[in-house]
Structures are given as C-alpha cells and as structure tokens.
Amino acid sequence: MKVLFVCLGNICRSPAAEGTFRHLCQSQGTEQRFSCDSAGTAAYHIGKAPDERMRRAAKARGIHIDNLQARQVCSADFYEFDVIVAMDHSNMANLRAVRPTDATSRLVMMLDYPQAPVEEVPDPYYGGDEGFYEVLNLLDQACRHLHGQYS
Ligand code: 4NP
C-alpha cells in the first residue's frame, strides 16, 4: 500500500504527515505493508528540508523529519501511489487540475472520516508555534484512521 501525502509547499503539513505515518507503521510493525512519501503542489520549496518550526514540533513527539526534502507532485505519482492524500480543499483542487485522465491513484482528503473534528488540516506557515502542534494532533488522529482503514 503506497500513500502520498500532499500539501502546498511540502515543508510543513505533508512531511509531518509522512513522518507521523511512518512512525505509526514502525510502532505497529507494519512497515512491510505500507510505504509513504510526500510532495507539494507548488514548486516554491523544492529541495528544502521541512520548516524548522515543524521539525522542532515533530521532534518533541519523537518524529524525525529533518532529512526529508521537498518535491513537487508529478504525473507519475498518479500511477505510482495507491492513495494520494490532500491536506485541504485547495490542495485537492490543485491535484484534480493536474491529475491525468487515466490515473489509477485514489484521491482523498486527510480528514475525510466521520470522527474528524474539522474538514481541513490548516496551513500553519504564517501562524505561531501552537499551529504546528495543532497540525500534528490532527495528523496523528488521521494517520491512525488511515492506517486502520487499510490494515
Ligand atoms: P505547507 O505550508 O503547504 O504545509 O508546506 C506552506 C509552506 C509554504 C508556503 C505556504 C504553505 N508558502 O507560501 O511558501
């Protein structure tokens, strides 16, 4: 099962989702069954490590994302991954706009499950530190849900 997490810049939400999901798979012993990656719809931050604020917030939870590098979503992703997971409605609209017509990946929203407290994972980039912790809380719940759904 191959999962691609997607946000706008691939430096805050989606690398944190990738790290959270990988950490969960390691703790559940399901690393053989799942693999994951992340990407951004925009090209602004290609090659960069995740935002320092998200790296710090993730590290406080035992999740290490320092070595990830931002990349942009590409056409091949729509065949390579079983599921592509958008953080917000804008990411979803951007993905739909570049999705090849014969793509095989499923496109889903990160928080599209009944118990989710909100519909979108908010963009923490222009806010304070608490926004990064809030994103990690949302991602933690959503990753558990996604993991359970495909286990
Ligand atoms: P992300 O956050 O989509 O969660 O990686 C953002 C990162 C950068 C920008 C916007 C959102 N930016 O405008 O540069």
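Contact here means that heavy atoms lie within 4.5 Å of one another. In this predicted model, Phe 21 is in contact with Val 3, Phe 5, Phe 34, Cys 36, Cys 143, Leu 146 and His 147, once its neighbours within four places in sequence are left aside.

**Nonpolar cores**

- The largest nonpolar core holds 36 residues, and the members that touch the most others are Phe 5, Phe 21 and Met 110.
- At least two residues of this core come from each of strand 1 (2-7), helix 1 (13-28), helix 2 (52-59), strand 3 (83-86) and helix 5 (129-150), and helix 5, with eight residues, supplies the largest share.
- Another core, of twelve residues, lies apart from the largest one, and Leu 4, Phe 78, Met 92 and Leu 95 are among its members.
- As general background, nonpolar side chains in soluble globular proteins tend to be buried together.

**Strand pairing around strand 3**

- Strand 3 pairs with strand 1 in the parallel sense over four bridges, and within that pairing Phe 5 has Val 85 of strand 3 as its bridge partner.
- Strand 3 also pairs in the parallel sense with strand 4 (residues 106-109), again over four bridges, and here Val 85 stands opposite Val 108 of strand 4.
- In a regular strand the side chains alternate between the two faces of the sheet.
- Both faces of strand 3 are covered, with Val 83 and Val 85 buried on one side and Ile 84 and Ala 86 buried on the other.

**Met 92**

- Because its relative accessibility is 5%, and buried means under 20%, Met 92 counts as buried.
- Not counting residues up to four places away in sequence, Met 92 touches Ala 86, Leu 107, Val 108 and Met 109.
- Between Met 92 and His 145, which are 53 residues apart along the chain, the C-alpha atoms are separated by 19 Å.

**Largest pocket**

- The largest pocket contains about 170 Å³ of space, and of the 13 residues that line this pocket, Leu 8, Gly 9, His 45, Asp 123 and Tyr 125 are the closest to its centre.
- By residue class, the lining of the largest pocket comprises eight nonpolar, three polar and two charged residues.

Technical notes:
Residues numbered from 1 in each chain as written. Predicted model: local features only at pLDDT ≥ 70, side-chain atom pairs only at ≥ 80, totals over all residues. Heavy atoms only, no water. Core = buried A, V, L, I, M, F, W, Y, C linked by side-chain atoms within 4.5 Å. Buried < 20%, exposed > 50% of the residue type's maximum accessible area, 1.4 Å probe, protein only. 1 Å grid on protein atoms, 1.4 Å probe; cavity = no way out; pocket = protein on both sides within 12 Å on 5 of 7 lines; lining within 4 Å. Points joined across faces, edges and corners; volume = space filled by probe spheres on them. Nonpolar A, V, L, I, M, F, W, Y, C, P; charged D, E, K, R; others polar. Pairing = 2+ DSSP bridges.
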